[in-house]
Amino acid sequence: MTQPILYDYHRSSACYRVRIALNLKGVAYTAVPVNLLDGEQKADDYRARNPQGFVPLLEADGLHLTQSLAIVDWLEARHPEPPLLPRDAGDRAHVLAMALAVACDIHPLNNLRVLKYLSGPLGLPQEARDAWYRHWVAEGLAALEAMAARGAAGRFLFGDAPTLADLCLVPQMYNARRFDVPLDDYPSLVRADAEANRLEAFAAAHPDRVAPAPAKG
Ligand SMILES: N[C@@H](CCC(=O)N[C@@H](CS)C(=O)NCC(=O)O)C(=O)O
């Protein structure tokens, strides 16, 4: 069987989620770096595979899989061990809610294209752009901290094994640190993030361990 190909950008939170999932599942893959700063994701040949013009994109089993959580869902179906969602329906819904709180409510407001639109077409100064970032990240993390209280007895965001919620948390915390968001008010998140990063599957997916895309000459 040929290895899946991950179209990847080292600092992309959505790619980081997929790298962690691939590592946790023990799925070997080939990474193809896509340089977002050079706009490679908007090229016609790339958009032919992902019309949204985003990373990640996973080519596997003849499929072009897009959207990080859909990719993780495919991996979960194809490589069920270790499971990334609890079996109990209520616990599963809770873990999904935490993952979606990051992926649907925090990340879309703080990703690069939104920040670029604020400072470009809308002409907001850097301080306003930074305030936007910090406001939405702080509001989202505060809610996630309260949601995490339900699994507080475990090592991770929920229980003693990493779940989809940790896959979403760790890249978001990395991103928040890059933008100097204070994290003292989120002790459960800081603890779960540290615990996850002790695992090689998470550590190996860290942007500093991933080759950045070469810039165009
Ligand atoms: N909801 C998507 C988000 C994907 C996304 O926003 N990717 C960003 C990098 S984190 C991207 O490709 N941005 C390219 C651009 O804005 O031009 C997912 O989870 O895969």
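Mentor: By class, the lining of the second largest pocket holds five charged residues, four nonpolar ones and no polar ones, where Asp, Glu, Lys and Arg count as charged, Ala, Val, Leu, Ile, Met, Phe, Trp, Tyr, Cys and Pro as nonpolar, and the others, Gly among them, as polar. The model is predicted: local features need pLDDT of at least 70 and side-chain atom pairs count only at pLDDT 80 or more, while totals for chains, interfaces and linings use all residues. Residues are numbered from 1 along each chain as its sequence is written, and side-chain values use heavy atoms, with hydrogens and water left out.

Trainee: Which residues line the second largest pocket?

Mentor: Rolling a probe the size of a water molecule over the atoms shows where empty space is left. A pocket is an open set of points on a 1 Å grid over the protein atoms alone, where a 1.4 Å probe fits, with protein on both sides within 12 Å along at least five of seven lines, and lining residues have an atom within 4 Å of a point. Here the lining consists of Asp-73, Glu-76, Pro-80, Glu-81, Pro-83, Leu-85, Pro-86, Arg-87 and Arg-92.

Trainee: What is the lining of the largest pocket made of, by class?

Mentor: That lining divides into 14 nonpolar, 13 polar and six charged residues; of its 33 residues, Ser-12, His-107, Asn-111, Leu-112 and Arg-113 lie nearest the centre of the pocket. Helix H4 gives the most, with five residues, helices being DSSP runs (H or I, at least four residues) numbered from the N terminus.

Methods:
Helix = DSSP H or I, 4+ residues; strand = E, 2+ residues; numbered from the N terminus.
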